[in-house]
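Keep the sequence at hand.

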Amino acid sequence: MPVSTSLSDEDLMLQVQADDLDQLTPLFERYHGPLFGFLTRLNNGDQEVGQDLTQNVFLRVLKYRASFRAGLSFRAWLYQLARHAHADHWQRRRPAPIDLHDLEHTAAHGRAAQAHLTATDCAQSVQEALALLPPAQREILDLHRFQGFDYAEIGQMLGCSEGAARVKAHRALEALRTLYFR
């Protein structure tokens, strides 16, 4: 069967699920870029890790294709796989816990350096502040602000209510504001 790009994501995934693996190509073409951006931002701009995790996600699409259910959003399911791939990556690496005193100290130095930045460096400054956030807060902001997920979808991915997802996003945004404007 030829690869079709006019079908919905869900229809294509159902065909992949039925072992028509050629239908994974349009899904890859649609989501490779956004997924790479999401995973790269979650990893503080590390493009190599972002690329590796993006490939891992598409391998997981094949491996776990039987878990996809008709009627569900393919996009939400895919990003859930991405979240798990990211968590597994960091679980293996076991980074040192973040010391809040060091975080505040780093933010203070960051503020002094930011005083010398020009207006064109504003986006870079936001990215640096985002990198100082704990991964869970950085993730929820990325899902909502950069990936365009609504709070109901984020709640579904995080296993909480829409309201709880909204509260988590608000807290993450407040933490970002504190780091950026402090």
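Start at helix α7, residues 135-146, where R138, E139, I140, L141, D142 and L143 are buried (under 20% relative accessible area, 1.4 Å probe, protein chains only). Helices here are DSSP runs of H or I, at least four residues, numbered from the N terminus. After α7 comes G148, with a positive phi near 80°.

This is a predicted model: local features need pLDDT of at least 70, side-chain atom pairs count only at pLDDT 80 or more, and totals for chains, interfaces and linings use all residues. Residues are numbered from 1 along each chain as its sequence is written, and side-chain values use heavy atoms, with hydrogens and water left out.

Now the core. A nonpolar core is a set of buried Ala, Val, Leu, Ile, Met, Phe, Trp, Tyr and Cys residues joined through side-chain atoms within 4.5 Å. The largest one has 40 residues, and M13, L35, L39, V57, V61, F74 and Y79 touch the most other members. Elements giving two or more residues to this core include α1 (9-17), α7 and α9 (162-181). The largest share, eight residues, comes from α4.

Look at F74. Leaving aside neighbours within four places in sequence, F74 is in contact with D9, E10, M13, L27, Y31 and F68 (contact means heavy atoms within 4.5 Å).

Finally, turn to α2 (residues 24-42) and α3 (residues 47-63). Their axes come within 9 Å and cross at roughly 140°. Axes are lines fitted to C-alpha atoms over the stretch in contact, and angles run from 0 to 180 degrees between N-to-C directions. The residues of the contact of α2 with α3 divide into 12 nonpolar, six polar and no charged.

Key
Ala, Val, Leu, Ile, Met, Phe, Trp, Tyr, Cys and Pro count as nonpolar, Asp, Glu, Lys and Arg as charged, and the others, Gly among them, as polar. Buried means under 20% relative accessible area, exposed over 50%, partly exposed in between (1.4 Å probe, protein chains only).
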